[in-house]
Amino acid sequence: MKMKLLIFLCLFLIAADSSAQENDITAALYESYDQFKEPSLDKRRIKHKEIQPLINRLKSDPKYTVKVVGKSIEGRDLSLISIGSGPTSVFLWSQMHGDEPTATQAIFDIINFLNGDTFIAEKDAILSNITLHFLPMLNPDGAEAYTRRNRLGIDINRDALMLQSPEGRTLKMVRDSLNADFGFNLHDQSTYYNAEQTEKPATISYLAPAYNYEKDINEVRGNAMKVIVFMNSIIQKYAPGQVGRYNDDFEPRAFGDNIQKWGTSAILIESGGYAGDPEKQEIRKLNYVSILSAIYTIAKENYKKLPIEDYEKIPENDRMLFDLKIEGLTYNLLGQDYKLDLGIHRSEVDNADHSNFYYNSTVADQGDLSTFYGYETLDANGYIIKGGKVHPEIFKSMESLKESEVLKYLKQGYTYLRLESLPAGKKDTNLPIQIVGKDFKAPVLNLRAGMNPTFVLEKDNKIEFAVVNGFLIRLNGEKSNFKNALILKK
């Protein structure tokens with residue numbers, strides 16, 4: 001009995017020491033991140049041509065093997081980058097959906113880490129036990145147009161059976177040729193997902209996909225779950241409560257489900273929303289830290305000690321978030337006052353070359369939204385919503401407008417300014433007021449889902465808030481997170 005207790009104590013101490021060591025490494029990775037962040041990829045709408053110089057410079061480095069393993073429909077190279085000599089094969093691919101680039105950026109941050117002159121012992125542990133394979137930007141044609149689907153118009157992630165797309169065939173061929181032990185399937189998800197029954201966004205969501213309808217757990221899937229348990233513990237340090245778990249219903253056409261079935265421990269990572277991080281640069285950092293930490297625990301095989309039952313403790317994804325939630329405002333309709341909540345979404349609209357975007361907001365829902373949450377929430381009890389007015393003056397140009405004067409107009413209830421001539425081709429403005437043509441007539445306030453939310457909130461005959469294109473503006477001088485208003489042609 002004493003011998004069994006001694007053995008248990010020794011194993012416990014070894015596990016505790018391993019955990020403490022990994023925690024120290026994770027903290028060091030997080031704190032040193034800026035040394036390795038790839039500076040050329042500082043915006044989400046990255047293109048194939050922007051990652052090619054980063055790939056090409058690795059070709060002359062003997063540590064790496066770089067191969068063109070396929071081409072997209074429009075002829076763009078799909079490159080596999082490999083490093084390491086270990087017996088465990090780890091395959092990471094990103095941007096299967098063209099408008100999901102966060103992990104592509106993180107992959108090049110990880111490569112910079114591997115090329116750095118610090119963390120020598122940790123890198124040796126990784127590269128002597130693992131061979132890493134990166135396939136960044138699997139859907140470069142979709143990335144060019146910043147769209148989910150490929151040039152054929154199909155979702156590559158539903159092409160695992162038919163293999164209709166060259167990108168899907170490339171992914172299958174690489175997976176089979178590597179017979180990878182672990183596969184990291186890297187995506188972005190909607191920013192409106194939250195961790196179930198909480199107001200916190202699902203900044204990172206995970207899934208160990210099922211490989212059959214029964215959702216059985218074999219060693220392959222179980223290993224994926226254990227690595228996810230470890231990654232969740234990492235994210236909780238830096239975004240506590242902001243992790244979700246996808247529903248694991250089996251999807252027979254999906255690559256993740258099939259890759260799990262084919263014998264690779266598949267780990268789906270989805271990058272969601274993080275308050276004040278529209279370009280997802282903090283989420284990119286979390287990807288970098290958690291993926292590198294996962295690679296390290298795979299190299300050391302410490303994940304094997306983790307309790308698989310902790311996977312189910314991660315809250316499921318829910319979709320109950322608005323960009324702005326306004327609670328309890330008073331709305332007068334046909335002479336009768338009603339109390340409503342408003343939920344507002346801000347949709348990104350790309351410019352012509354898909355290099356940047358502006359926001360065009362809509363009322364997503366209204367009524368009783370007590371079970372929903374907001375990145376930003378305003379308690380509007382006691383406030384009356386009123387439609388914004390059109391300023392009587394016709395201004396000569398955008399240059400004649402000053403933000404200080406605009407705020408004065410908002411306090412007077414004006415949310416639209418008329419121009420003699422609208423700027424050609426421009427659809428948004430940084431001024432916190434809607435810009436319209438000289439013949440524009442103010443719309444009658446008729447709250448409904450789908451409308452652009454532009455109005456004021458009044459209390460005791462004083463306008464205290466304006467909402468312009470879905471952005472809340474506090475008229476007492478407090479800073480708002482306003483991004484853009486619209487230039488309306490009609």
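How are α7 and α9 oriented to each other? I found that the two helices are oblique to each other, since angles under 35 degrees count as roughly parallel, over 145 as roughly antiparallel, 65 to 115 as roughly perpendicular and the rest as oblique. Before going on I noted that this is a predicted model, in which local features need pLDDT of at least 70 and side-chain atom pairs count only at pLDDT 80 or more, while totals for chains, interfaces and linings use all residues. I also noted that residues are numbered from 1 along each chain as its sequence is written, and that side-chain values use heavy atoms, with hydrogens and water left out.

Entry on α7 and α9. Helix α7 covers residues 219-238 and packs against α9 at an angle of about 140°, with the axes 9 Å apart. Here axes are lines fitted to C-alpha atoms, for helices over the stretch in contact, and angles run from 0 to 180 degrees between N-to-C directions. Helices (H or I, at least four residues) and strands (E, at least two) are DSSP runs, numbered from the N terminus. I recorded a right-handed crossing of α7 past α9, where right-handed means that the near helix is turned clockwise from the far one by less than a right angle, and left-handed anticlockwise. Among the residues in contact (heavy atoms within 4.5 Å) are Phe 230, Met 231 and Ile 234 of α7, together with Val 289, Ile 291 and Ala 294 of α9. By class, the contact of α7 with α9 has 11 nonpolar, three polar and no charged residues; Ala, Val, Leu, Ile, Met, Phe, Trp, Tyr, Cys and Pro count as nonpolar, Asp, Glu, Lys and Arg as charged, and the others, Gly among them, as polar.

Entry on α3 and α9. Helix α3 (residues 102-115) meets helix α9 (residues 281-300) at about 50°, and their axes are 9 Å apart. That angle makes α3 oblique to α9, and the crossing of α3 past α9 is right-handed. The contact includes Asp 109 and Phe 113 of α3, and Arg 284 and Tyr 288 of α9. I noted eight nonpolar, four polar and two charged residues in the contact of α3 with α9.

Entry on the sheet of eight strands. This open sheet runs in the order β1-β2-β4-β3-β5-β9-β7-β8, with mixed pairing; two strands pair if DSSP finds at least two bridges between them. The edges are β1 (64-71) and β8 (243-245), each with a single partner strand, so one side of each is left without a neighbour in the sheet. From one strand to the next the twist averages 20°. Strands β3 (residues 88-94) and β5 (residues 182-188) run parallel and are joined by five bridges, and Ser 94 stands opposite Leu 186 in β5. I also saw that α3 lies across several of these strands, including β1 and β9, and runs at about 140° to β4.

Entry on the sheet of five strands. The order in this open sheet is β16-β17-β19-β23-β18, again with mixed pairing, and its edge strands are β16 (389-395) and β18 (428-429). β16 and β17 run parallel, joined by four bridges, and Lys 389 stands opposite Tyr 414 in β17. Helix α10 (residues 403-411) lies across β16 and β17.
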